[in-house]
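Please look over the two-chain model below before reading on. The numbered points that follow are a colleague's notes on how the chains are put together and how their parts pack.

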Amino acid sequence: MTLTEGCHARHQLDAVIHAPVRFSIVAALSAVDEAEFAHVRDTIELSDSVLSRQSTHLEVAGYVKIRKGHVGKRPRTWLSLTSAGRAAYARHLEALRAIADSV
Amino acid sequence: MSTDHTQLTPEQARHQLHTIQSRSLRFAGDRRVYAVGTAISGLALGVFMAARNAVSGTSDILASLVFFVIWLGAAFWVQRATRTVPRRTKLWTGLGIGGSLVVALVAVLPWLNLQAQTEPNTWPMVLLGGLVVAAPSLFAAAVIARGRQ
């Protein structure tokens with residue numbers, strides 16, 4: 001569990017998703033069932049190594065699934081959010097909106 | 001930007017929300033590819049079923065061959081041409097093509113076979129059957145194409 005205790009919206013933020021790069025990855029994947037590694041890399045403007053490292057971090061947390069396959073003879077890696085990842089992202093987004101709306 | 005989530009200010013939260021909107025994955029093109037692939041698969045199934053009722057012998061084998069080439073070609077093309085799977089796209093594709101198969105096996109083919117026992121099937125009947133078979137896939141293709149970016 002990555003939530004900290006407390007009533008304020010900031011305590012509902014997910015510590016795994018909160019890191020800017022991981023937040024961008026999860027946000028990008030939230031709109032699709034699955035996306036090609038290279039497409040995510042190009043969209044979020046990351047290097048292969050950074051995306052690979054952060055995706056693995058999210059996979060260990062149970063938020064992202066990494067699938068390797070081939071299209072023709074070319075190897076391809078696909079990323080997708082797990083149901084736990086979608087739920088965590090929804091909670092995180094809700095907390096962010098609450099903080100953004102607070103004065 | 002600080003990554004300490006307990007110190008996030010409203011301004012930083014607004015900035016983060018703005019950032020994710022400007023960096024969302026583009027998949028409108030992929031959605032169109034899935035829609036076209038689903039429509040082609042459904043239409044191919046409808047035409048195949050109609051052709052099998054209208055031809056026999058070598059033509060029947062040729063129709064089967066053409067059908068499988070189109071089906072496999074469509075599946076391969078979709079896989080090659082897309083970089084994302086937009087939300088619920090595969091679900092709708094499965095429902096559409098599965099629906100076409102069910103309609104063909106449960107309704108249209110038994111109806112055409114029953115009709116053929118009394119008199120030969122006419123082209124309008126066969127074409128109507130083909131359209132009915134393709135309908136679920138065409139509906140699914142329309143749903144996929146109209147999905148949100």
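1. In chain B, α2(B) and helix α5 (residues 123-146) have axes that come within 8 Å of each other and cross at roughly 165 degrees. Axes here are lines fitted to C-alpha atoms, for helices over the stretch in contact, and angles run from 0 to 180 degrees between N-to-C directions. Helices and strands are DSSP runs numbered from the N terminus (helices H or I, at least four residues; strands E, at least two). The angle therefore makes α2(B) roughly antiparallel to α5(B); the cut-offs are under 35 degrees for roughly parallel, over 145 for roughly antiparallel, 65 to 115 for roughly perpendicular, and oblique for the rest. The crossing of these two helices is right-handed, that is, the near helix is turned clockwise from the far one by less than a right angle, anticlockwise being left-handed. The contact of α2(B) with α5(B) has 21 nonpolar, 8 polar and 2 charged residues. In this count Ala, Val, Leu, Ile, Met, Phe, Trp, Tyr, Cys and Pro are nonpolar, Asp, Glu, Lys and Arg are charged, and the others, Gly among them, are polar.

2. A word on the basis of these notes. The model is predicted: local features need pLDDT of at least 70, side-chain atom pairs count only at pLDDT 80 or more, and totals for chains, interfaces and linings use all residues. Residues are numbered from 1 along each chain as its sequence is written, while chains are lettered from A and ligands numbered from 1 in the order in which they are written.

3. Helix α2 (residues 28-54) of chain B also packs against α3(B), with axes that come within 10 Å and cross at roughly 175 degrees. That makes α2(B) roughly antiparallel to α3(B). Among the residues making the contact are B:Tyr34, B:Ile40 and B:Phe48 of α2(B), and B:Phe67, B:Trp71 and B:Trp77 of α3(B). By class, the contact divides into 14 nonpolar, 2 polar and 2 charged residues.

4. Between the chains, 24 residues of chain B are in contact with 26 residues of chain A, a contact being two C-beta atoms, placed from the backbone, within 7 Å. On the chain B side, α1 (10-22), α3 (58-81), β1 (84-86) and α4 (89-118) each supply at least two residues. The most come from α1(B), with 6 residues. That side of chain B has 10 nonpolar, 8 polar and 6 charged residues.

5. B:Ser24 lies in the loop between α1 and α2 of chain B. Leaving aside residues up to four places away in sequence, B:Ser24 touches A:Ala27, A:Ala28 and A:Ala31. B:Ser24 is partly exposed because 16 other C-beta atoms lie within 10 Å; 20 or more would count as buried and 12 or fewer as exposed, with C-beta atoms placed from the backbone.

6. Which strands form the open sheet, and in what order? There are 4 strands, in the order β2(A)-β3(A)-β1(A)-β1(B), with antiparallel pairing; strands count as paired if DSSP finds at least two bridges between them. β2 (64-71) of chain A and β1 of chain B stand at the edges with a single partner strand each, so one side of each has no neighbour in the sheet. From one strand to the next the twist averages 20 degrees.

7. Within chain A, 2 bridges join β1(A) to strand β3 (residues 74-81). In that pairing A:Glu36 stands opposite A:Trp78, and A:Ala35 stands opposite A:Leu79.

8. Two helices of chain A, α2(A) and α3(A), also pack on each other, at an angle of about 120 degrees with their axes 10 Å apart. They are therefore oblique to each other, and their crossing is right-handed. A:Ser24, A:Ile25 and A:Ala28 in α2(A) meet A:Val40, A:Thr43 and A:Ile44 in α3(A). This contact has 4 nonpolar, 2 polar and no charged residues.

9. Helix α2 (residues 20-30) of chain A is mostly covered, with 8 of its 11 residues buried. Among them are A:Arg22, A:Phe23 and A:Leu29.
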